[in-house]
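I opened my notebook today to look around a protein fold.

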Amino acid sequence: MEPQIDRRAFLKSIPVAAAGIAGAASAATTASGAMPDKAAPAPMRFVNPRKVILQENTRKEIREWFDSGNLKAAILPACSIEQHNEHMSIDSDYVIPSLIAQQIALRLYPNVVVAPASPCGFAPYHMNRRGTVTLRKETFQAYLFDVLSSLKSHGIKTLLVLNGHGGNHVPIQDVLPEWRKALGVTIAAESYWYAHPPEYLKSLIGFSNHTSHAGILETSMYMAAFPERLRNFTLKEYDDAKLDFESGFTPDVREFLNRDDRSRPTRLPGENLRDRMRQDEAQLATREYGEALLSQAVNVFSDKLRQMMAATEAGESWPPAQQA
Ligand SMILES: [Zn+2]
């Protein structure tokens with residue numbers, strides 16, 4: 001696999017337009033110039049893509065943003081630092097949802113800010129690959145709640161948790177009703193891959209029984225947006241490394257693996273095969289798939305956040321009664 005360094009093509013694929021202002025799109029790691037959408041109405045002007053990241057503003061800028069009445073919603077990325085096979089940096093479940101969140105905020109500029117992500121999440125079952133850093137479930141849930149609570153205290157009444165890691169999904173959904181009750185604001189939590197239902201994937205990549213981790217989808221998004229975080233690999237190198245993720249753990253690692261149903265010792269047989277399948281499937285990745293997947297997620301959750309902000313404005317409860 002030869003990843004091409006061409007982030008520009010991906011950025012052009014995301015239409016950027018908000019309330020008469022065309023924003024700029026940029027990946028999180030480098031500043032880039034404005035790329036106004038050709039179809040967007042004039043006038044167009046540059047928006048620094050870092051402007052939508054809460055912690056990159058000064059207190060004066062944040063105060064003025066609140067005072068303008070424009071700051072209505074926040075997105076909190078829920079992430080993970082965990083092994084992603086031989087070819088992806090271990091922060092993929094951090095940088096992908098963070099990028100989607102930033103792009104949504106630029107799309108909806110100046111109404112949305114991106115809150116400081118929880119970089120680590122709940123991933124004890126990846127601890128048999130070194131480098132993974134996991135939080136306890138309670139620590140992870142408490143972090144998210146404390147950030148949401150801070151944002152609410154400052155007057156943000158619409159909050160979207162955007163999750164980027166499979167193991168975080170249930171821990172978040174489990175406490176979402178409590179958070180709703182405790183905070184009394186419009187709040188939702190979404191895992192970004194729900195923007196890619198099976199029918200969508202079938203039409204995009206030709207099949208929907210893909211592996212969810214480090215396979216064709218995540219590798220494609222890396223090719224589109226984070227080529228510098230991707231390494232070349234061959235299956236021969238993979239096989240020559242004679243990797244074993246089913247046995248030989250220290251007691252410390254074993255203790256982590258026992259924290260989650262999916263990693264109980266009974267599930268370990270087959271883990272090596274699953275790991276190799278992911279590595280094999282990653283070879284099908286393309287930059288074009290990645291551009292489409294990221295754009296789709298930005299589209300779906302921009303729409304959702306727009307609806308949430310409208311519900312807040314109208315004083316309606318969320319989720320709407322028919323979805324509750
Ligand atoms: Zn991942």
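Here are my entries, from the whole chain down to single residues.

**Entry 1: confidence.** I began by noting that this model is predicted. The protein averages a pLDDT of 87, and 83% of the residues score at least 70. I then looked up residues 15-40, where the pLDDT is below 50. Beyond near neighbours in sequence, that stretch still has 60 contacts in the model.

**Entry 2: the whole protein.** I found 11 helices and four strands. Of the 324 residues, 40% count as buried. I also checked contacts between residues at least 6 apart in sequence, and 77% of them join residues at least 24 apart.

**Entry 3: the sheet.** In which order do the strands of the open sheet lie? I read β2-β1-β3-β4, with parallel pairing. β2 (112-114) and β4 (186-191) each have a single partner strand, so one side of each is left without a neighbour in the sheet. Ignoring direction, neighbouring strands are turned by 20 degrees against each other on average. I zoomed in on β1 (residues 73-78), which three bridges join to β2. Ala-73 has Val-112 in β2 as its bridge partner.

**Entry 4: two helices.** I turned to α3 (residues 92-107) and α7 (residues 216-225), which pack at an angle of about 65 degrees. Their axes are 11 Å apart, and the crossing is left-handed. Which residues meet here? From α3 I listed Ser-92, Ile-96 and Leu-99, and from α7 Glu-218, Met-221, Tyr-222 and Ala-225. By class, this contact has five nonpolar residues, one polar and one charged.

Conventions. Residues are numbered from 1 along each chain as its sequence is written. This is a predicted model: local features need pLDDT of at least 70, side-chain atom pairs count only at pLDDT 80 or more; totals for chains, interfaces and linings use all residues. pLDDT is the predictor's confidence in each residue, from 0 to 100. Two residues are in contact if their C-beta atoms, placed from the backbone, lie within 7 Å. A residue is buried if 20 or more other C-beta atoms lie within 10 Å of its own, exposed if 12 or fewer, and partly exposed in between; C-beta atoms are placed from the backbone. Axes are lines fitted to C-alpha atoms, for helices over the stretch in contact, and angles run from 0 to 180 degrees between N-to-C directions. A crossing is left-handed if the near helix is turned anticlockwise from the far one by less than a right angle, and right-handed if clockwise. Ala, Val, Leu, Ile, Met, Phe, Trp, Tyr, Cys and Pro count as nonpolar, Asp, Glu, Lys and Arg as charged, and the others, Gly among them, as polar. Two strands pair if DSSP finds at least two bridges between them.
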